[in-house]
Each structure stands twice: as C-alpha cells, then as structure tokens.
Amino acid sequence: MRFALVGQPNCGKSTLFNQVAGYKAETGNFHGTTVTFTESRVRVSGEIIRLVDLPGTYTLAGTNPAETEAQRYLASEHVDAILNVVDASHLAQGLELTLELLTIDRPLVLALNMMDEAQRTGQRIDGPALQAKLGIPVLPLIASRGQGVLGLFARALQEARRPVTPADPALLAGSEQARHKLAAELAAGVVTRSERRLTWRDRIDDLLLHPFWGYPAMAAILFVFFQAVYGIGSAIEGPLLAAFNTWSAALAARLGAQTLGGELVFGLLQGISGGLAIALPYLIPFLFGLGLLEDIGYLPRIAFLMDGLMHRLGLHGKAIVPFILGYGCNVPAVMSTRILEEKQDRFLAAALAVLVPCAARLAVVFGLVAFYLGPLWALAIYLFNILVIALMGRLLTGLLPEETPGLILEMPVYRVPTLKTVFGKAWFRVREFLVEAWPLLIGGSLVLSLLTYFEITPLVDRIVRPFTWLLGLPVETGLPLIFGVLRKELSLIMLRQALGGADFSDVLAPLQMLTYSVFVVFYLPCLSTLAVLRKELGTRPMLQIAGFTVLVALAAALLVRGLGVLFL
Amino acid sequence: MGGPVFGQDGSDKGIISAFMVNRLTLLQVPVGTRVRIQAFADNKGLDRKLRQYGLFAGDEARLLRLAPLGGPLLIEINGREIALGRGVAAAVLVETL
C-alpha cells in the first residue's frame, strides 16, 4: 500500500510526514525546502504503508523542476491513495490543487491542516458541507500537534480499498482561471468569517519588516544567534580540549611519540577530540538556532528585507533559500536551487551558495578564529564572506547576462515553534555528522598518523606548497587543506595534528589563522557538495564552480593577508 | 492574455511603460491601498507564474508594505501575504477600490 502526500508549499505536509514517519524530511516554515521526495514506512492499524512526501506544488501543471517532479510521480507510479493536505486558513487557494487532483480519478482524501490557525484568523469551516460538495472525505488536522493524524490514515486506508467514484463533472474546471473561481466559490460556501483577532503575530511585522527598523532588528537577531552559538560552543570547547590535550600528552609520553602505535593512538585521540570538542559544541547550538528561526517563519522575512540587495547581485530574493540553507549544509542548498525556474539562475545560485560557510566550516571559523582571536573576528569573517559573495554575484551576472524574473514569495504567518520539529531537525543533521563525518574525521586523522610515521607528509605538503607559500602559511598546512575536501572539519582537526598537537596560538600568528580560515571558507566545496552539484547541474558546471571557488579562495585569502600586513 | 506588443525592441520595459501611459500598476499605488487586479502585462509567462501563487485577474488585494533599497512589495491577497519583486509588481495592472 502506498500513499502520496500532496499539497501546496508550506501547508504542513512535511510536518504531517514527520509525525508519522519519525524525522526524515526537512520541514521549514518556508516553501521550497522539499525538493526530492522522501519515502517512509509507517504502520497504521496493523498495515504497513509506504508514505511518499512529494514536493510542495501550487498546481500539477508546474513550471519549476520541483513542481514537475510531483506531477510526474503522480502520473507514473502506482499510488493507492492520495492524501491532499490543505492549509485550512487559506482554503480557497488550497482547493485549487484539490480540484486538479479530482481530475486524475484516484482515491483521494482531503486533510484540512492548521485548523488552529484558521480558528485564530476567525474562520469557521463547515467540513461536512465541503465533503458533500467535493464528494471525497474531508478531515480536520493539526499536524504540528499530531491531532487528527490517525483518523486521516484510517480513512485513507478505507478509501484505497474502495473503487473511485468519478468526480462531479461540475467540479472539473477547464482552465486555471475557472478553477480559481470555482475554488473561491466552494470556499466561500463553507467558510464563515468572524472578526479577526489581531495578535502579536500580526503586529510583529510592523517592526520586523519596517523599512528602517527591520534592519537593526535583523542584525540584532542574527547577532544574538551568533553570540549564543559562540557562547555555548566555546564554553564547551575550552575545558574539553584541555582535557583531551592532557590525555593525549600523557599517552604520548607512555607510548613514545616516534613509534607507529604511538602515532596511531595520537591520531585516534585527535580525531575523536576534534569531533567532540571542536565541531559538535558549535554545530549543535547552530543547527538548533537555525531550525528555530526556520520554524518560526523568520527566514522569508530576511528574504523580503534582503531582496533589494540580492537584486544587485543579479539574483532575486528567492535565491536566499539556498543561501540560508547553505549555512547549515551546502548539499541541501544546492538541491534547493531547483525552486528557481531559470537554468541560469540555478547555476548562479549554486555557484554562490557553495561559497556560504556551512556548519562544517563554522567549526573552523569558530574553533580557530573565534576561540583564539575572539567572536568579533569570526563575525568579521562571516561579513567578509557575504561581501565576497555579493561581489562574485555581481561579477558572474556580468559574465552571464540574463534577466532574472522578480521575486514571488509567500510570507507565512509566524508560528510558535514546536520543539519536536526543531529538535528533530537538529538531530537529523547531528546524526549525519556522527555517523558520516565523524568516522571520516577519525579515519583522516589515522591516515595522517600513517603518513607522518612513514614520512610521506612532507611530500604532500610540498605539492601544495605554492598555495601555502602564497598565503604565508606554514608548510604543514598543506595536507589538512587537501583533506578538507573530504570534510571541511578535517581542515581544522588535521591541522592540529599536523602541527604536532600543539596549541594553535603557539604555532600560528593571528593573521595566519585568519588567512587560513578565509581560504578554508571559500575553496572547493566538500566531496558531497561536488557530487550534488554534478547531479543537479552536470559535470561541466560542477568543474567550473569548483575552479571558480579555488580562484575566489585564493583572491580572498590574499586580500586578507595583504590587509593584515598593512594594518595588523 | 497576450497583450499587444509595444516597443520595437520587444523589451519588457517597452511593454510596461507603454501600459503605464493609461493604466495603473501595483507599483504605483501607495501603501495601504485596496486594489482589484485587472490584468497582467504579458511578460514571459509571468501571468502564469502569478496564477500559481494565487494571483488572478479579478482578485482583490491590498498593498501592505514596501521593502527599501528597491526591494519587494508585500501584498495581502485572499488572506495570504505574498512578496512581489518590483519588476513583477510593475506587470500587475490594477484599479484602486
């Protein structure tokens, strides 16, 4: 038995999916985050159901790749029942898709989600009347709280086993315009509106989207976010790293530093402590904070405020989605460029999104720069990064001139974040770090141990020497930079090991830390990002983007070095 | 709707500015104005894209706010808030209510 979840962007489909499937899909109060579909097995009254979460789509006849994907799937694969999720607070709009779904004659159940939100905006919906008019089951749902979920699935099971009654011909509209009109009439017939209660959610945009105060407010929000990540992260990194350094020194003294065993144990400890003491302390608060902002619905507000600036980069505000996701991980960022209609825009957005320092690079910036030079320097790197991206955007649009269509973006209402979603989302990424990145970090550290023991390291360092020499970095930084392509955290964790486990501040001058971090932030996206670039755009664009990032990284790091020599 | 072709170069600007001679666009009304959408200046399938976001000719909308720095407009339509870039807003022909 296979059910498909279909709905318009931001109607709460993924929230419903996560309620039944555990945390698998990326949800956000932001449309366009689900671009590929996720399938999961769920058990409903003893029956195993394969549940597919399709990308949000306004219509089956879509124009962007995310929308075409949903359409193709429903047309091709065998689906036993379609669960159509509709945002009850915007019923008329949602019913347009429902009317379109009626035309494919499959078992269909309509879930009116966000009933609480509809109530808040003073709307009462007559469910039975709607059910009678549409001729399909209509059920209320509050997916964020898990209310109505079981009933919905039970009903869908029933429907899947019953032959489909053809839809009322009066409901089969020929054109989009006709469907719009019909959906509006249907909604008007079942919704009674009372006085809308104005709450803080309606007032808060007067400040947060204010033409002047919106910007200080945004800066303040991001600053608090940044400070919190730094505060929590450094409070853990300091003592934990000190403890690991003591153990590692004690062990080295016991085993003898020059033996193979000693080197390997040393490498192992470096890999473990790197993940535990340097990466995770920043990663967890960062992902939690990002999830919180996403769930509240603040991210599209940033798009609204920044669209004017983004336009000057030759991108429209919609490209802010890849940007913001990029701060978490570049892989979903590149995937989300699918929400852009023009191929040119997708290339541009992807090329710029991979320059965004992801959570892995965050570890480098925070673990090295913020920890040793102070959080303001880390903030400076982030601002410098945005500046460089802006400049590159300007440059690339100059090289690839094509008019970009303007922004069209729905501004979701603010929601009180549900901890379950935010925790789930953060855990999703943390788990990925634990099972995919951390073993790689430990493996990388062990490989480095072997390379050091067999004295191969200098050879590799010499190959990369032109780069490190140009940037004024110690010879030993060569290998960590190479390994950083596997996982960006390796650039920091292996650096510590390559420098003999010494405290960074003993070996690297402040300017060298800055130059190194800036280079790491910009150069070559990691292997997974390269792979997804290739999948989304093709081999040639991937190579172009990879080459482009190396040039940008060199230029940016050299600029920092030059400025540093002049002013520090 | 395939509006008439204005301007010899076929650029959108020509089409839009020609429309603006006697028609009002969403870009020209002050914040707070209630409008009815009349039509969309045919602009590379933009009308189609707007319909997907629920903007149809005949719908009523209200201009809620403007982002600075040439940023987008925020309109309320059918109970939802949608941000439109200025280029898009310039292609939405309206009458004030």
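## A helix pair in chain A

In this predicted model, α10(A) and α20(A) lie oblique to each other. Helix α10 covers residues 260–296 of chain A and helix α20 covers residues 490–498 of chain A; the two pack at an angle of about 140 degrees. Angles over 145 degrees would count as roughly antiparallel and those from 65 to 115 as roughly perpendicular, so the pair falls in the oblique class. The axes of the two helices are 9 Å apart, and α10(A) passes α20(A) in a right-handed crossing.

On the α10(A) side, the contact is made by Gly267(A), Gln270(A), Gly271(A), Gly274(A) and Ile278(A). They meet Leu492(A), Ile493(A), Arg496(A) and Gln497(A) of α20(A). By type, the residues of this contact comprise three nonpolar, five polar and one charged.

## Where chain A meets chain B

The contact between the chains draws 26 residues from chain A and 29 residues from chain B. Several elements of chain A each supply at least two residues to its side: α3 (91–102), α7 (176–190), α11 (299–312) and β9 (408–411). The largest share, six residues, comes from α11(A). Sorted by type, the side of chain A that touches chain B holds twelve nonpolar, eleven polar and three charged residues.

## A sheet built from both chains

Strand β9(A) is joined to strand β5 (residues 80–84) of chain B by four bridges, and these strands run antiparallel. Within this pairing, Glu410(A) has Ile82(B) in β5(B) as its bridge partner.

The pair belongs to an open sheet of seven strands, in the order β9(A)-β5(B)-β4(B)-β3(B)-β2(B)-β6(B)-β1(B), with antiparallel pairing. In general, strands of a sheet pair through backbone hydrogen bonds, either parallel or antiparallel. The edges of this sheet are formed by β9 of chain A and β1 (24–25) of chain B, each of which pairs on one side only. Further along the order, strand β2 (residues 34–40) of chain B and strand β6 (residues 92–96) of chain B pair in the antiparallel sense over five bridges. There, Val35(B) stands opposite Thr96(B) in β6(B).

## A helix on the sheet

Helix α11(A) packs on the sheet, where it touches β9 of chain A along with β4 (73–77) and β5 of chain B. The direction of α11(A) makes about 135 degrees with that of β9(A).

Terms used. Residues are numbered from 1 along each chain as its sequence is written. Chains are lettered from A and ligands numbered from 1 in the order in which they are written. This is a predicted model: local features need pLDDT of at least 70, side-chain atom pairs count only at pLDDT 80 or more; totals for chains, interfaces and linings use all residues. Axes are lines fitted to C-alpha atoms, for helices over the stretch in contact, and angles run from 0 to 180 degrees between N-to-C directions. Angles under 35 degrees count as roughly parallel, over 145 as roughly antiparallel, 65 to 115 as roughly perpendicular and the rest as oblique. A crossing is left-handed if the near helix is turned anticlockwise from the far one by less than a right angle, and right-handed if clockwise. Two residues are in contact if their C-beta atoms, placed from the backbone, lie within 7 Å. Ala, Val, Leu, Ile, Met, Phe, Trp, Tyr, Cys and Pro count as nonpolar, Asp, Glu, Lys and Arg as charged, and the others, Gly among them, as polar. Two strands pair if DSSP finds at least two bridges between them.
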